[in-house]
Amino acid sequence: QVQLRESGGGLVQPGESLRLSCAASGSILKINTMTWYRQSPGKERELVATIRGGNTNYADSVKGRFTISRDNAAENTVYLQMNSLKPEDTAVYYCNARVVTITPWRESGYWGQGTQVTVSL
């Protein structure tokens with residue numbers, strides 16, 4: 001019913017930037033919250049940044065370097081601008097959305113397939 005498609009991952013050097021995108025499609029009435037998570041090998045999935053309405057929250061490890069935003073024209077799209085990337089930012093980044101669907105009329109959580117970000121010399 002709802003699909004999330006991430007894009008924008010890749011291989012960069014320390015100090016460089018990347019912008020991730022996540023586009024939601026399907027039987028969507030409203031998206032309440034959109035969140036980026038990441039998972040490194042051997043580690044648990046961790047919250048990176050979340051946006052709900054006009055409010056944003058970030059993990060301490062990315063504050064001041066990452067910015068989450070939603071597209072004003074296409075509110076079903078969320079971005080994660082990642083600046084000053086560090087090797088420890090290397091992970092698979094996942095998009096999560098809390099979506100109110102048209103049919104059935106309820107809120108549920110959905111995940112994207114993930115996009116790899118590698119920060120290395």
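1. **Ground rules.** This is a predicted model, in which local features need pLDDT of at least 70, side-chain atom pairs count only at pLDDT 80 or more, and totals for chains, interfaces and linings use all residues. Residues are numbered from 1 along each chain as its sequence is written, and side-chain values use heavy atoms, with hydrogens and water left out.

2. **An alternating strand.** Start with strand S7, residues 66-70. Strands here are DSSP runs of E, at least two residues long, numbered from the N terminus. In a regular strand the side chains alternate between the two faces of the sheet. In S7, Phe 66, Ile 68 and Arg 70 point to one face and are buried. Buried means under 20% relative accessible area, exposed means over 50%, and partly exposed lies in between (1.4 Å probe, protein chains only).

3. **Its partner.** S7 runs antiparallel to strand S8, residues 77-82, and five bridges join them. Two strands pair if DSSP finds at least two bridges between them. Arg 70 has Val 78 in S8 as its bridge partner. The hairpin that joins S7 to S8 passes through six residues.

4. **The disulfide.** A disulfide is a pair of cysteine sulfur atoms within 2.5 Å. The count by this rule is one disulfide. Cys 22 and Cys 95 form it, with their sulfur atoms 2.2 Å apart. The link is left-handed, with -80° about the S-S bond. It joins distant parts of the chain: Cys 22 sits in strand S3 (residues 18-26) and Cys 95 in strand S9 (residues 91-101), 73 residues apart. Both cysteines are buried.

5. **The core.** In soluble globular proteins, nonpolar side chains tend to be buried together. A nonpolar core is a set of buried Ala, Val, Leu, Ile, Met, Phe, Trp, Tyr and Cys residues joined through side-chain atoms within 4.5 Å. The largest one has 30 residues, and Trp 36, Leu 80, Met 82 and Tyr 93 have the most contacts inside it. Elements giving two or more residues include S1 (2-7), S5 (46-52) and S11 (115-119). S9 gives the most, with five residues.

6. **Leu 80 up close.** What does Leu 80 touch, leaving aside its neighbours within four places in sequence? Its contacts (heavy atoms within 4.5 Å) include Leu 18, Leu 20, Trp 36, Val 48, Phe 66, Ile 68 and Tyr 93.

7. **Gly 26.** This residue is in strand S3. Gly 26 touches Gln 1, Val 2 and Gln 3, not counting residues up to four places away in sequence. Gly 26 and Thr 50 are 24 residues apart in sequence and 21 Å apart in space, C-alpha to C-alpha.

8. **Two backbone details to check.** Thr 103 and Pro 104 are joined by a cis peptide bond, with omega about -5°. Pro 104 is in the loop between S9 and strand S10 (106-111). Ser 84 has a phi near 50°, a positive value in a residue other than glycine. Ser 84 lies in the loop between S8 and S9. Ser 84 is partly exposed, with a relative accessible area of 41%.

Definitions and conventions:
Helix = DSSP H or I, 4+ residues; strand = E, 2+ residues; numbered from the N terminus.
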